Amino acid sequence: MSDQVAQPPTPPDVMRANTVAREMFDRIADKWALLVVNALGGGTLRFSELHARVEGVSHKMLTQTLRGLERDGVVERRVHPTSPPRVDYTLTAAGSALLATVAGICDWTRDHIAHIESSRACYDARSAQR
């Protein structure tokens, strides 16, 4: 028997390359993923309802986004045994926890949009003079 005491696992280092944490940053920083999580914050939606709420997303991109979020445990997909089958999407507990951050990003964007637009106009004007 070993005299060593088991150490608690070290939390993942989000600064290291090739980690699940980095993969999640890619997933949740994607504009479609942010918008899907935000839309599902209001409750369970069908694919067509999500597609209508997330303006501009293609059918293919919405499908890919939902599959990725489902794989990562952020979204749950439920198929109901009806004819034709009905498929619903809802946030998991982890997705609901992420929603607070996503809502904060959406709020920050709304609160600062005028500043962003002004900054872009100034930057573009300076760049045009170079």
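Predicted model: local features only at pLDDT ≥ 70, side-chain atom pairs only at ≥ 80, totals over all residues.
Residues are numbered from 1 along each chain as its sequence is written, and side-chain values use heavy atoms, with hydrogens and water left out.

Helices and strands here are DSSP runs numbered from the N terminus, with at least four residues (H or I) for a helix and at least two (E) for a strand. Two strands count as paired if DSSP finds at least two bridges between them. On that basis, three strands make an open sheet, in the order E1-E3-E2, with antiparallel pairing. E1 and E2 are the edge strands, each pairing on one side only.

Taking E1 to begin with, this strand covers residues 45-46 and pairs with E3 in the antiparallel sense over two bridges. On the E2 side, strand E2 (residues 75-80) is joined to E3 by six bridges, and the two run antiparallel. Here Val 79 faces Val 87 of E3 as its opposite number. E2 and E3 also form a hairpin, with five residues between them. Pro 84 sits in that loop between E2 and E3, and the peptide bond leading from Ser 83 to Pro 84 is cis, with omega near -5°. As a general point, most peptide bonds are trans.

How enclosed is strand E3 by the rest of the structure? Burial is judged by relative accessible area with a 1.4 Å probe and protein chains only: under 20% is buried, over 50% is exposed, and anything in between is partly exposed. Accessible areas themselves come from the Shrake-Rupley method with a 1.4 Å probe, and for residues only the protein chains shown count as cover. Five of the six residues of E3 (residues 86-91) are buried, so this strand is largely enclosed.

Tyr 89 turns up again in the largest nonpolar core, which has 25 residues. A nonpolar core is a set of buried Ala, Val, Leu, Ile, Met, Phe, Trp, Tyr and Cys residues joined through side-chain atoms within 4.5 Å. The members that touch the most others are Val 36, Val 37, Leu 40, Leu 50, Leu 66, Val 75 and Tyr 89. Two or more residues each come from helix H2 (31-40), helix H3 (47-53), helix H4 (59-71), E3 and helix H5 (93-129). H2 gives the most, with seven residues. With contact meaning heavy atoms within 4.5 Å, and leaving aside residues up to four places away in sequence, Leu 50 touches Val 36, Ala 39, Leu 40, Leu 45, Leu 62, Leu 66 and Tyr 89.

Some nonpolar side chains are found on the outside instead. Val 14, Met 15 and Phe 25 form a surface patch with about 310 Å² of accessible area together. Patches are made of residues with over 30% relative accessible area and no salt bridge, with like charges joined within 9 Å and nonpolar side chains (Val, Leu, Ile, Met, Phe, Trp, Tyr) within 5 Å. Met 15 lies in the segment before helix H1 (20-28) and counts as exposed at 65% relative accessibility.

How many salt bridges are there? A salt bridge needs a side-chain nitrogen of Lys or Arg within 4 Å of a carboxyl oxygen of Asp or Glu, and the count comes to four. One of them links Arg 86 and Asp 88, at 2.8 Å from N to O. Arg 86 is partly exposed at 31%, whereas Asp 88 is buried, with a relative accessible area of 9%. Another joins Glu 76 to Arg 78, the closest N and O atoms being 3.1 Å apart; Glu 76 is partly exposed at 33%, and Arg 78 is partly exposed at 38%.

Asp 107 and Arg 110 also form a salt bridge, with their closest N and O atoms 2.8 Å apart. Both lie in helix H5, three residues apart, about one turn of the helix. Asp 107 is partly exposed at 39%, while Arg 110 is exposed at 55%.
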